Amino acid sequence: MKQNYRNLTVAILGAGTVGAQVAHRLLTHRAEHASRIGAELDVVGIAVRSLDSKRSVDLPAELLTTDAESLVVGADIVVELMGGIEPAKTLILRALESGADVITANKALLAAHGPELFDAADKVGAQLYYEAAVAGAIPIIRPLRDSLAGDHVNRILGIVNGTTNFILDLMDSEGQSMEQALATATDLGYAEADPTADIEGFDAAQKASLLAQLAFHTAVDVEQVYREGITKITLDQVRQARSQGSVVKLLAICERVAGPDGPGVSVRVHPTLVPDTHPLASVRGANNAVFVEAEAAGSLMFYGAGAGGPETASAVLGDIVSAARRHVVGGPGVAESTHANLPMVDPGHIDTSYHVWLEVADRPGVLAEIAQVFAAKDVSVETVQQSLTPDANGGPPTATLVIQTHRAPGESLDAVVNTLQSSDAVTRVSGVIRVEGE
Ligand code: NAP
C-alpha cells in the first residue's frame with residue numbers, strides 16, 4: 001500500500017503474557033505492518049504495574065511507564081491488555097473520550113460493562129475491537145460481525161475454554177480422574193492456581209455472552225447466562241459416554257429458540273455429550289473451536305489456539321491493523337448493534353436430550369418404577385444401560401442405570417430428577433448431562 005499518511009501512535013496498557021508479545025511484534029514487524037496499513041505505527045508507551053517485573057521478551061526500557069492515565073490521552077490507538085475491571089474500564093473510557101480507537105482482549109470487562117463501553121465508542125465514532133477476547137488466536141468476532149453480516153446465525157456451539165477442554169480430554173484419553181487431570185493442567189500451566197473461573201464455567205459464560213450478543217444483535221447480560229461447570233463430571237461418566245460413541249465437552253451454546261412468548265435466545269454453558277462424529281468432538285487438549293450454524297452458509301467451524309502470548313497477540317494485532325487502516329481511509333467505526341433485542345429464554349423451556357445416571361436399589365421392579373417417573377413427566381426414554389459395581393467391603397453391589405432420553409424441555413427433566421431424588425428405588429441421582437450436536 002502506498003504510504004502517504006502520518007505515523008499513527010499506539011499506546012499499550014500491559015506488558016504481560018499478551019501485551020509483551022503485541023509490543024514486540026509491533027516493534028519488530030514495523031515495515032510489514034506499515035505496508036499493509038499505509039502508515040507507520042509508533043509505539044509511544046507501554047503501561048505496566050511495576051517497571052521491575054520480568055518480561056517474556058526484551059522491550060525498550062524507555063517505553064515502559066507506570067503512568068497509564070497520561071499514556072491513554074492523545075494516542076490514536078490504545079491497546080488494553082491489563083485485564084480486570086478497574087483501572088481498565090476507566091482507562092478505556094478516557095481513551096475513547098480523547099478520540100482513540102481501542103483494542104482489548106478483556107472478556108471479563110466486556111461481559112460486565114460492554115454496553116457502556118460500546119455506547120461510549122459509538123458516541124465519538126470510535127472503534128472498540130475485541131477479537132482476542134473470545135477464543136484467543138481464532139478469528140471469530142470479525143467473521144460474526146463482518147463475514148456473516150448478511151446471513152442469519154441460528155446457533156453457535158463453542159469450546160471456548162482451553163483449561164476445561166484439556167482436563168476433559170485427559171480424562172477421556174488417559175483415564176485420569178477429574179482431580180488428577182486438574183493437577184496435571186495446573187502443573188503444565190494450563191490452569192491457574194485458583195481454577196474456579198475456568199472449571200466453574202465463568203470464563204466460558206463471559207465469552208458466550210459476547211458471542212450471543214454479536215450473533216443475535218441482542219444485549220446479553222453475563223448474569224443471564226445459564227452456567228454449570230465441569231466439577232461434577234466423573235471418570236465413569238466420561239468412560240460410559242465414550243462407550244456409547246460420545247465425548248464430554250464444556251460447551252458455550254448460543255441459539256435462537258422459540259420461547260413461551262415468541263422468538264428468543266438461549267445462552268448457556270454446561271458439560272455436554274457430543275457425538276464422536278461431530279467436528280467439536282475432535283477438539284483435543286487446550287485447543288478451542290467455535291461451530292457456527294447459519295441459515296445460508298450452513299455449518300462452519302473455527303479452530304485453533306484459545307490462549308497463549310503470541311497466539312492471542314495475533315488476534316490483537318489484526319485488530320490494531322484494522323483500526324489503523326480506518327484512520328488512513330477514514331469513515332466511522334463499526335458500531336455494535338443490539339437492534340433485535342430478543343428476550344432470553346430460560347433453560348427450562350429448552351428441549352434437549354439427556355443422559356441421567358442413577359444409583360438404584362438392586363431389586364425387582366425398580367426399572368418399572370423409574371420408567372414410570374419419566375413417563376409421568378412426559379419424558380420419553382430412548383435407552384437404558386445397567387451395570388453392577390461390586391462393593392469394596394463385601395456388601396451388596398451398587399446398580400447403576402444410565403438412562404438416555406429423547407428431547408424434552410429442561411423443566412420436565414428437572415421435575416423427573418426431583419421425583420427420582422425422593423424415590424425409594426433411587427439411592428442417588430449421580431449425574432445429568434445434556435446431549436447436543438446429534
Ligand atoms: P498478564 O500476563 O497478567 O499481564 C497483565 C499486564 O498488565 C502486566 O504487564 C501488568 O504489569 C499490567 N498491569 C496490570 N494492572 C495494571 C495497572 N493497574 N496499571 C498498569 N499496568 C497494569 O495478563 P495477560 O495474560 O497478558 O492478559 C491480558 C488480557 O488478555 C486479559 O484481559 C486476559 O483476559 C486477556 N487474554 C489473555 C489470554 C492469554 O492467553 N493470556 C488469552 C486471551 C485473552 P506488570 O507486568 O508490571 O505486573
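Is leucine 367 buried, partly exposed or exposed? Leucine 367 is partly exposed, at a relative accessible area of 42%, because buried is set at under 20% relative accessible area, exposed at over 50%, and partly exposed in between (1.4 Å probe, protein chains only). The model is a predicted one, in which local features need pLDDT of at least 70, side-chain atom pairs count only at pLDDT 80 or more, and totals for chains, interfaces and linings use all residues. Residues are numbered from 1 along each chain as its sequence is written, and side-chain values use heavy atoms, with hydrogens and water left out.

**View 1. A nonpolar surface patch includes Leu367.** Leu367, Val381 and Val384 make a patch of about 210 Å². Patches consist of residues with over 30% relative accessible area and no salt bridge; like charges are joined within 9 Å, and nonpolar side chains (Val, Leu, Ile, Met, Phe, Trp, Tyr) within 5 Å. Areas come from the Shrake-Rupley method with a 1.4 Å probe, and for residues only the protein chains shown count as cover. Leucine 367 belongs to helix α13 (residues 366-376); helices are DSSP runs (H or I, at least four residues), numbered from the N terminus.

**View 2. Lysine 89 and glutamate 116 form a salt bridge.** Their closest N and O atoms are 3.2 Å apart. The pair links distant parts of the chain, 27 residues apart: lysine 89 is in helix α4 (residues 88-97) and glutamate 116 in helix α5 (residues 107-124). A salt bridge needs a side-chain nitrogen of Lys or Arg within 4 Å of a carboxyl oxygen of Asp or Glu. By this rule there are 21 salt bridges. Lysine 89 is buried at 13% relative accessibility, whereas glutamate 116 is partly exposed at 38%.

**View 3. Arginine 145 pairs with aspartate 146 in a salt bridge.** The N to O distance is 3.5 Å. Arginine 145 is buried, with a relative accessible area of 11%, while aspartate 146 is partly exposed at 38%.

**View 4. Salt bridges link Arg155, Glu255, Arg268, Glu293 and Glu436 in a network.** Side chains of opposite charge can pair when their charged atoms come close.

**View 5. The ligand is surrounded by 22 residues.** The closest are Ala15, Val18, Ser50, Arg55 and Gly308; a residue is included if one of its heavy atoms lies within 4 Å. A polar backbone atom of glycine 308 is 2.7 Å from an oxygen atom of the ligand. Taken alone, the ligand exposes 910 Å², and the protein buries 78% of that. A polar side-chain atom of lysine 107 lies 3.2 Å from a ligand oxygen atom.

Key. Helices (H or I, at least four residues) and strands (E, at least two) are DSSP runs, numbered from the N terminus. A polar contact is a pair of N or O atoms within 3.5 Å; within protein, one must be able to donate a hydrogen and the other to accept it, and residues adjacent in sequence count only if both atoms are side-chain atoms.
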